[in-house]
Amino acid sequence: MTATPAYDPQNIFARILRGELPAHTVYEDDKVIAFLDIMPRCPGHTLVIPRAPARNILDIAPEDLAHVATVAKKVAIAAKAAFAADGITIQQFNEEAGGQVVFHLHVHVIPRHSGEPMKPPASAMEKPEVLAEHAQRLRAALAG
Ligand code: 5GP
């Protein structure tokens with residue numbers, strides 16, 4: 001069994017949290033932010049992350065995880081409406097062997113349409129104007 005490495009404050013999502021890198025944010029509060037995945041597996045693919053520096057489910061405080069789950073549910077309901085989705089896929093990966101690539105805990109919220117497969121992970125960067133329009137749709141649904 002491999003030991004779990006320490007949290008790396010230079011990971012991409014920590015840099016987004018500090019405002020060092022841009023993101024199409026759709027929701028934020030004092031504990032959580034949600035923003036669009038830059039390489040969406042389906043339109044509207046959103047990531048929900050804690051502000052707390054947690055690497056993944058193995059080290060996050062239970063109350064921070066609970067709040068991430070609460071916001072993931074809000075985003076799922078908004079995404080279903082905003083993208084007229086038939087369903088929602090939720091994914092969350094832990095450590096490299098578990099499929100994790102970015103080591104700050106995140107929950108994927110992916111709107112799905114019947115018969116339409118997800119693109120493979122990291123298959124294509126979405127155009128910024130498309131992400132901006134999708135983020136606007138999600139923000140409107142979350143506000144509504
Ligand atoms: P995981 O760690 O769960 O395998 O996936 C990491 C996710 O982060 C991927 O879906 C990938 O497309 C997304 N991602 C990687 N780099 C960036 C970035 O700079 N900005 C955003 N918004 N998403 C990213």
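1. Lining of the largest pocket, by element. In this predicted model, helix H1 supplies the largest share of the lining of the largest pocket, namely three residues. Two or more lining residues are also given by strand E2 and by helix H3, which spans 128-143.

2. The volume of the largest pocket is about 710 Å³. Its lining comprises 29 residues, of which Phe13, Asp37, Ile38, Met39 and Leu47 are the closest to the pocket centre.

3. Composition of the lining. By class, 18 residues of the lining of the largest pocket are nonpolar, seven are polar and four are charged.

4. Placement of the ligand. The largest pocket is where the ligand sits. Two elements give two or more residues to the shell around the ligand: helix H1, covering 12-17, and strand E2, covering 32-36. H1 accounts for the largest share of this shell, with three residues. Nearest residues. The shell around the ligand consists of 16 residues, and those that come nearest are Leu36, Asp37, Val101, His106 and His108. Asp37 is also listed among the residues closest to the centre of the largest pocket.

5. Composition of the shell. Eleven residues of the shell around the ligand are nonpolar, four are polar and one is charged.

6. For Asp37, a polar side-chain atom lies 2.4 Å from a ligand oxygen atom. For His108, a polar side-chain atom lies 2.7 Å from an oxygen atom of the ligand.

7. Burial of the ligand. How much of the ligand surface does the protein bury? The ligand taken alone exposes 520 Å², and the protein buries 86% of that area.

Technical notes. Residues numbered from 1 in each chain as written. Predicted model: local features only at pLDDT ≥ 70, side-chain atom pairs only at ≥ 80, totals over all residues. Heavy atoms only, no water. Near = heavy atom within 4 Å. Polar contact = N/O pair within 3.5 Å; in protein donor to acceptor, adjacent residues only side chain to side chain. Areas by Shrake-Rupley, 256 points an atom, 1.4 Å probe, with all protein chains shown as cover. 1 Å grid on protein atoms, 1.4 Å probe; cavity = no way out; pocket = protein on both sides within 12 Å on 5 of 7 lines; lining within 4 Å. Sits in = over half its atoms within 2 Å of the grid points. Helix = DSSP H or I, 4+ residues; strand = E, 2+ residues; numbered from the N terminus. Nonpolar A, V, L, I, M, F, W, Y, C, P; charged D, E, K, R; others polar. Points joined across faces, edges and corners; volume = space filled by probe spheres on them.
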